[in-house]
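Try each task yourself before you read the solution under it.

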Amino acid sequence: MNALRRNVLKSAAGAGAVAVAVAAGLLKPTQAMAAWNKSAFEAKSVADAMNGLGVTSPADSKDITIKAPDIAENGAVVPVEVSTSIAGTTRIAIIAEKNGTPLVGNFNLPSGTEGFISTRIKMGQTSLVRAVVTAGGKTYTTAKEVKVTIGGCGG
Amino acid sequence: MAQPMRIRATMAGDVADIKVLMNHPMETGTRKDAKTGQLVPAHFITEVTSTINGKDVLNAEMGGAVSKNPFLGFKVKGAKAGDKVVVNWVDNTGDKNTAEATIG
């Protein structure tokens with residue numbers, strides 16, 4: 001009787017340990033989530049945003065295409081599509097140069113995901129929309145001007 | 001708080017075309033409330049991750065400059081019809097949401 005009781009207690013302790021391990025395992029993704037690149041997203045200038053992303057002097061490239069309207073009537077919703085034919089693209093970042101905080105999004109693309117991102121962004125005023133592409137350890141960039149008639153950031 | 005998001009995943013040749021529409025106010029924290037004149041607190045999605053059959057296919061960080069109810073489109077090579085797409089997001093208040101769809 002006593003031996004059984006011991007066993008039950010032991011297995012209960014074992015199960016507890018597993019639960020703790022699972023909880024620890026589950027905590028990891030949340031911690032990774034907390035690694036949001038604050039310095040880059042809160043940067044007030046394009047140069048600071050690029051520094052925050054770890055990008056220095058990207059090379060201009062014709063292999064990146066930005067599809068965005070020439071004139072956006074509503075700055076709150078500007079469709080932007082970035083595609084690149086550069087092989088091994090691992091990241092596409094979108095920067096609206098004259099926004100208060102220029103960095104809009106940073107998209108990490110594991111292998112298998114094509115060099116393509118389509119989204120909608122807010123723009124405070126007419127400015128260049130810049131795409132920064134990282135491929136094989138090198139960075140490339142291109143920009144397209146979007147004229148905004150009604151700003152979409154605040155006021 | 002978290003409202004459902006919609007995922008549409010279709011095959012175009014050997015590339016899966018995945019489109020996600022998330023429901024989120026995406027407040028930048030710089031906008032003023034028209035009635036009270038107070039700043040509306042920042043509330044935006046910071047991270048979006050996506051997997052296909054458990055394999056990472058997208059890991060994105062966003063700022064408040066992504067439009068309200070964010071739309072995100074991306075393309076994945078090597079996926080096939082019937083694969084399961086899962087999309088997760090987390091916002092700056094710690095709110096999160098998850099949705100899944102099957103590539104059709």
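**Exercise 1. Work out where Gly104(B) sits, and whether it is buried or exposed.**

Step 1: Gly104(B) belongs to the segment after β7 (96–102) of chain B. Strands here are DSSP runs of E with at least two residues, helices are runs of H or I with at least four, and both are numbered from the N terminus.

Step 2: With a relative accessible area of 63%, Gly104(B) is exposed. The cut-offs are under 20% for buried, over 50% for exposed and partly exposed in between, with a 1.4 Å probe and protein chains only.

Step 3: Beyond its neighbours within four places in sequence, Gly104(B) is in contact with Ala9(B), Thr10(B) and Met11(B), where contact means heavy atoms within 4.5 Å. Ala16(B) is 88 residues away from Gly104(B) in sequence, but their C-alpha atoms are 9.1 Å apart in space.

A quick word on ground rules: this is a predicted model, where local features need pLDDT of at least 70 and side-chain atom pairs count only at pLDDT 80 or more, while totals for chains, interfaces and linings use all residues. Residues are numbered from 1 along each chain as its sequence is written, chains are lettered from A and ligands numbered from 1 in the order in which they are written, and side-chain values use heavy atoms, with hydrogens and water left out.

**Exercise 2. Describe the make-up of chain B.**

Step 1: Count the elements. Chain B has zero helices and seven strands, so the order from the N terminus is simply β-β-β-β-β-β-β.

Step 2: Check burial. Out of 104 residues in chain B, 49% count as buried.

Step 3: Take the surface. Chain B has an accessible surface of about 5,000 Å², with 51% of it belonging to carbon and sulfur atoms; the areas come from the Shrake-Rupley method with a 1.4 Å probe, and for residues only the protein chains shown count as cover.

**Exercise 3. Find what Lys68(B) touches, then follow one of its partners, Met26(B).**

Step 1: Lys68(B) lies in the loop between β4 (55–62) and β5 (71–77) of chain B. Its relative accessible area is 55%, which makes Lys68(B) exposed.

Step 2: Setting aside neighbours within four places in sequence, the contacts of Lys68(B) are Lys122(A), His24(B), Pro25(B) and Met26(B).

Step 3: Met26(B) is in the loop between β2 (15–21) and β3 (45–52) of chain B. At 1% relative accessibility, Met26(B) is buried.

Step 4: Check the backbone. Most residues other than glycine have a negative phi. Met26(B) is not a glycine, yet its phi is positive, about 50°. Asn53(B) also has a positive phi of about 50° without being a glycine, and it is found in the loop between β3 and β4 of chain B.

**Exercise 4. Sort the side chains of strand β2 (residues 64–67) of chain A by face.**

Step 1: In a regular strand the side chains alternate between the two faces of the sheet.

Step 2: Four bridges join β2(A) to the antiparallel strand β4 (residues 78–84) of chain A, with Lys67(A) opposite Glu81(A).

Conventions:
Pairing = 2+ DSSP bridges.
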